[in-house]
Amino acid sequence: MNCENKFCIYYENHACILETIDMDTLGCCDSCIYVDLDESVLREARSKTREKFEMIYEHWKNKSAT
């Protein structure tokens, strides 16, 4: 089964490794268990992601200005 939740412990190579899952009333996976990440790891990942998106935005902005 395809999966997009990279923070679930059952996520591997864009798929869920469970044979079956339960869904809630909104269609979200009820079997999901989130990886326990240290706050410092999350903070660093947020910072790097913001930097990446700022670079992409600046590149797009400069390209569209020409």
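The following is a conversation about a predicted protein model.

Colleague: How is the model numbered, and what kind of model is it?

Modeller: Residues are numbered from 1 along each chain as its sequence is written, and side-chain values use heavy atoms, with hydrogens and water left out. The model is predicted, with local features needing pLDDT of at least 70 and side-chain atom pairs counting only at pLDDT 80 or more, while totals for chains, interfaces and linings use all residues.

Colleague: What pLDDT does the protein average?

Modeller: The average pLDDT, which is the predictor's confidence in each residue on a scale from 0 to 100, is 93. A score of at least 70 is reached by 98% of the residues.

Colleague: Which elements have the lowest and the highest mean pLDDT?

Modeller: Helix α1, residues 39–65, has the lowest mean, 92, and strand β1, residues 11–12, has the highest, 97. Helices (H or I, at least four residues) and strands (E, at least two) are DSSP runs, numbered from the N terminus.

Colleague: How many salt bridges are there?

Modeller: The structure has 3 salt bridges. The term requires a side-chain nitrogen of Lys or Arg within 4 Å of a carboxyl oxygen of Asp or Glu.

Colleague: Which residue pairs with glutamate 39?

Modeller: Arginine 46 forms a salt bridge with glutamate 39, and their closest N and O atoms are 3.2 Å apart. Glutamate 39 is partly exposed at 41% relative accessibility, and arginine 46 is partly exposed with a relative accessible area of 41%. Here buried means under 20% relative accessible area, exposed over 50%, and partly exposed in between, using a 1.4 Å probe and protein chains only.

Colleague: Where do glutamate 58 and lysine 61 lie?

Modeller: Glutamate 58 and lysine 61 are both in helix α1, 3 residues apart, about one turn of the helix. Their side chains meet in a salt bridge with an N to O distance of 3.5 Å. Glutamate 58 is partly exposed at 35%, and lysine 61 is partly exposed at 34%.

Colleague: Changing topic, how many aromatic pairs are there?

Modeller: The count is 1 aromatic pair. The rule takes rings of Phe, Tyr and Trp (its six-membered ring) whose centres lie within 6.5 Å; planes under 30 degrees apart count as stacked, over 60 as edge-to-face and the rest as tilted.

Colleague: Why is the pair of tyrosine 57 and tryptophan 60 called tilted?

Modeller: The ring planes of tyrosine 57 and tryptophan 60 stand at 35 degrees, with the centres 6.0 Å apart, so the pair is tilted. The two residues are 3 residues apart in helix α1, about one helical turn. Tyrosine 57 is partly exposed at 44%, while tryptophan 60 is exposed at 52%.

Colleague: What is the phi of asparagine 13?

Modeller: Asparagine 13 has a positive phi of about 55 degrees, although it is not a glycine. Asparagine 13 is in the loop between β1 and β2 (15–16), and is exposed at 66%.

Colleague: And histidine 14, what is its phi near?

Modeller: The phi of histidine 14 is near 65 degrees, a positive value in a residue other than glycine. Histidine 14 is in the loop between β1 and β2, and is exposed at 53%.
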